[in-house]
Structure formats: structure tokens, C-alpha cells
Amino acid sequence: MKVLHVCALGATAETLLLPQIDYLRSQHLTVDIACSPDGAVDRLQAQGYTVHPIQIDRKISPVLNFKSIQNLVQLMRSQAYDLVHVHTPIAAVLGRIAAKLAGVPTIVYTSHGLPFHQLTPPLQSQMYFAIEYGCAKITDLILSQNHEDLETAAQKRLCPESKLGYLGNGVDIERFNRSVLNPDHQSRLRDELGIPASAKLIVGTVGRLTRTKGSGYLIEAAAQLVEEFPHLHILIVGGELKSDPEPYYDQLTEKIEQLNLTSHVTFTGDRTDIPQMLGLMDIFVLATFAHEGLPRSILEAMAMSVPVVTTDIRGCREAVLPGQTGLIVPSQTTTPLAKALRTVLADQDLRTAYGLAGRQRVETEYDENVVFRRLFSFYQNLGVASPT
């Protein structure tokens with residue numbers, strides 16, 4: 001059986017989809033990838049993956065979107081895929097239209113957070129719902145990373161409930177495990193990153209450097225805390241993509257300079273050693289107000305026994321148990337975030353307790369192997385994989 005996964009960015013395929021693709025290949029499926037050409041595509045191809053570079057823009061642009069559909073249809077017809085599995089908002093729409101036009105027998109969509117939610121402006125929400133409603137009619141199965149989206153889809157009658165399924169999200173609990181860290185390596189890593197020896201409390205975040213991930217609120221919160229915690233340091237892991245519609249690095253660095261925090265902040269850029277990055281942190285923060293499904297960065301932090309402070313939005317509030325594995329604060333606010341951080345910064349025993357509980361929660365609920373088997377079971381039910 002031949003499967004094609006479609007997403008906008010090669011980086012998405014490389015960092016988020018590759019583990020499940022590897023699992024599906026281990027189950028004797030042929031799995032290809034279609035995404036925009038970038039450095040990640042070159043790396044994946046060098047590793048032996050079949051990746052078809054097709055430009056898929058991350059914005060609504062009729063001419064460019066139509067061209068993407070044309071190229072996807074041509075690919076799907078030539079390769080005769082049994083199933084097309086789409087990801088990320090624009091690619092998921094274009095990929096499903098192309099699959100339908102190409103006559104692909106089975107179409108699956110993993111929602112990494114439905115685009116209509118509590119933070120979406122009403123008119124945009126109506127437009128996004130209309131698009132998703134239309135695409136749902138040509139989709140055989142819609143998988144959600146969180147339970148809240150399933151409830152929303154059912155309440156709004158996005159599609160028959162028989163088309164909805166819970167996939168979840170997961171991490172490699174062997175790789176993301178504090179026991180894998182080497183203390184000497186961690187010490188050298190601090191030095192390589194230029195983290196000052198005076199930094200005794202490190203609060204970090206991991207993710208693409210975009211406004212909606214909320215790193216600006218983290219910086220503002222740090223400004224409220226640095227007098228009380230002079231040894232506080234902020235570690236920002238992740239880079240800015242050229243294709244991001246709202247570049248943010250310059251704006252963020254300007255804010256840091258204005259708040260006199262330059263010596264308290266380290267940018268790492270893109271990293272592949274995320275377990276080691278998380279191992280440097282005393283607290284993990286995701287102050288996002290974006291379209292989250294179930295943020296893997298939170299799961300990775302909990303797997304590394306790092307307490308989490310995050311925002312009260314879909315996905316985040318499902319992953320974190322407030323008062324057990326971390327704290328939850330309103331999104332797009334600074335003072336509540338600073339207050340929550342103050343609570344955790346001031347109490348090492350609390351940090352330890354939250355971290356241990358987070359690790360236990362990931363082991364129980366978010367082991368990626370459970371997610372992979374769940375996905376394969378969905379494929380079997382659709383007739384794309386043979387029953388075991």
C-alpha cells in the first residue's frame with residue numbers, strides 16, 4: 001500500500017512527522033512525503049526518504065494555491081497512492097482537494113488544532129469553519145491531537161461523528177529522559193551557548209520564533225521578576241523561518257534591549273539536541289496563543305521532568321494538570337505569567353514535584369508508540385493496512 005503525507009514545510013516533516021512515518025514504514029507501508037522545498041527536504045532525501053518538493057505556501061493566495069493543487073494532482077495520479085494523509089492548515093486544504101481530483105481512494109486529515117477556536121476573531125472563525133466543513137465532505141477520517149477539538153467538531157456538526165477520531169500526540173520517552181543527560185556535557189553546553197555562570201535559574205521556551213508563540217510575554221514577565229531573582233536567565237530555543245508571515249526576531253530583540261534584559265537572555269537558534277536544551281532549564285514556558293493542537297514542546301519538557309507554565313488555551317490545558325505538573329495562566333497577559341513563574345521559581349521542592357509528576361503523566365498518556373499504534377489501527381480500519 002502506498003501513502004503520501006502532505007504538509008507545508010519540510011521542517012514539519014522532519015521534526016514532527018518523521019517518527020510516525022518511520023513506524024508506518026516498519027509496518028510494510030510505502031510512505032512518501034510532499035512538501036515545500038527547503039533544507040529539511042535535502043536532508044530527508046539524503047537519508048533515503050522519498051520526498052517530492054512541491055511549493056505549498058502557508059497563506060491564502062489563489063494563484064499560488066491553484067498551482068500547488070495542480071502539482072499535487074499530477075504527483076498523486078502518477079504515483080497512484082492508496083491514501084493521502086494531510087497536515088497543517090493550508091496544506092491540509094490543498095492536499096485534500098488535490099487528492100479528491102486525483103481520485104485517491106482514501107483521504108485522512110490530522111488536525112494539529114482546528115483553525116476556529118476561542119481566540120479566532122468571529123468573521124475569521126466563520127470563514128475557517130466553512131472551509132473545514134467543505135473539506136470534511138471529501139475526507140474519510142479527521143484525526144485530532146486533542147479531545148477538545150473533537151467535542152467542538154461534534155457540537156458544530158463539522159462532519160458525521162463517524163469521521164472523527166482521537167489520535168493524540170506523543171514523544172520518544174527514551175530519548176526525552178533526564179537519565180540520558182551527561183553532566184559534563186551539560187556544563188560544556190552552557191559555556192558554548194554563552195549562558196553566564198551567574199545564571200542560577202533558567203526559564204526556557206522551545207519553538208519557532210513567532211509572535212503567537214508568546215515569547216514576548218515571557219520577556220515582559222522576566223522584566224517583572226529580574227529584580228527579585230537577579231540570577232534569572234531566559235533561554236529561547238528555536239529559529240525564525242524565512243517563510244513565516246510575521247517575522248519576529250528583530251521585534252523581540254528590540255523589546256529585550258528596551259527592558260535592559262540583554263544579559264539575561266540567550267537565543268540558541270534552531271537546535272536538534274532538544275533533550276539537552278530542556279535539561280538546562282529549571283522551568284519550561286509556552287506562552288502561546290497560536291493554533292495549538294497538543295504542543296509537543298510541552299510533552300517533551302514534561303518527559304524531561306521540567307515543570308511547565310503555559311496558557312489556558314486548547315491543547316495546552318489538556319497536557320498540563322494545574323497544580324500537579326505545572327501552572328496555567330490566561331493567554332496574552334504578562335502579570336499572571338510573572339506571578340506563576342514567581343511561585344515556581346521560589347520553591348525548588350515544588351519544581352521537583354511538578355517535574356516528577358509531568359514525567360509520570362507523559363509515560364502514562366503520551367508515549368509516542370501508543371500514538372503510532374493508534375494511527376496504524378485507523379489505517380487498518382480504512383482498509384489501507386492489513387489487519388495484524
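Predicted model: local features only at pLDDT ≥ 70, side-chain atom pairs only at ≥ 80, totals over all residues.

Colleague: Let's start with β4. Which way do L83, H85, V84 and V86 point from the strand?

Modeller: L83 and H85 point one way from β4, which covers residues 83–86, while V84 and V86 point the other way. In a regular strand, side chains alternate between the two faces of the sheet.

Colleague: And are those four buried or exposed?

Modeller: L83, V84, H85 and V86 are all buried.

Colleague: How many bridges join β1 to β4?

Modeller: Four, and the two strands run parallel; β1 spans residues 2–6. Within that pairing, H5 has H85 of β4 as its bridge partner.

Colleague: What about β4 and β5?

Modeller: That pair is parallel too, over four bridges, with β5 at residues 106–111. V86 sits opposite Y109 of β5.

Colleague: Switching to the surface. Which residues make the negative patch?

Modeller: E240, D250, E254 and E257 form it. D250 is in helix α9, residues 249–258.

Colleague: Why does D250 count as exposed?

Modeller: Because its relative accessibility is 60%, and exposed means over 50%.

Colleague: Which residues make the nonpolar patch?

Modeller: I60, M127 and I131, making a patch of about 260 Å². M127 belongs to helix α5, residues 122–136.

Colleague: Why does M127 count as partly exposed?

Modeller: Its relative accessibility is 38%, so M127 counts as partly exposed; that class lies between the buried cut-off, under 20%, and the exposed one, over 50%.

Key
Residues numbered from 1 in each chain as written. Heavy atoms only, no water. Patch = residues over 30% accessible without salt bridge, like charges linked within 9 Å, V, L, I, M, F, W, Y side chains within 5 Å. Areas by Shrake-Rupley, 256 points an atom, 1.4 Å probe, with all protein chains shown as cover. Salt bridge = Lys/Arg side-chain N within 4 Å of Asp/Glu carboxyl O. Lys, Arg positive; Asp, Glu negative; His and termini not counted. Charge placed at Lys NZ, Arg CZ, Asp CG, Glu CD. Buried < 20%, exposed > 50% of the residue type's maximum accessible area, 1.4 Å probe, protein only. Pairing = 2+ DSSP bridges.
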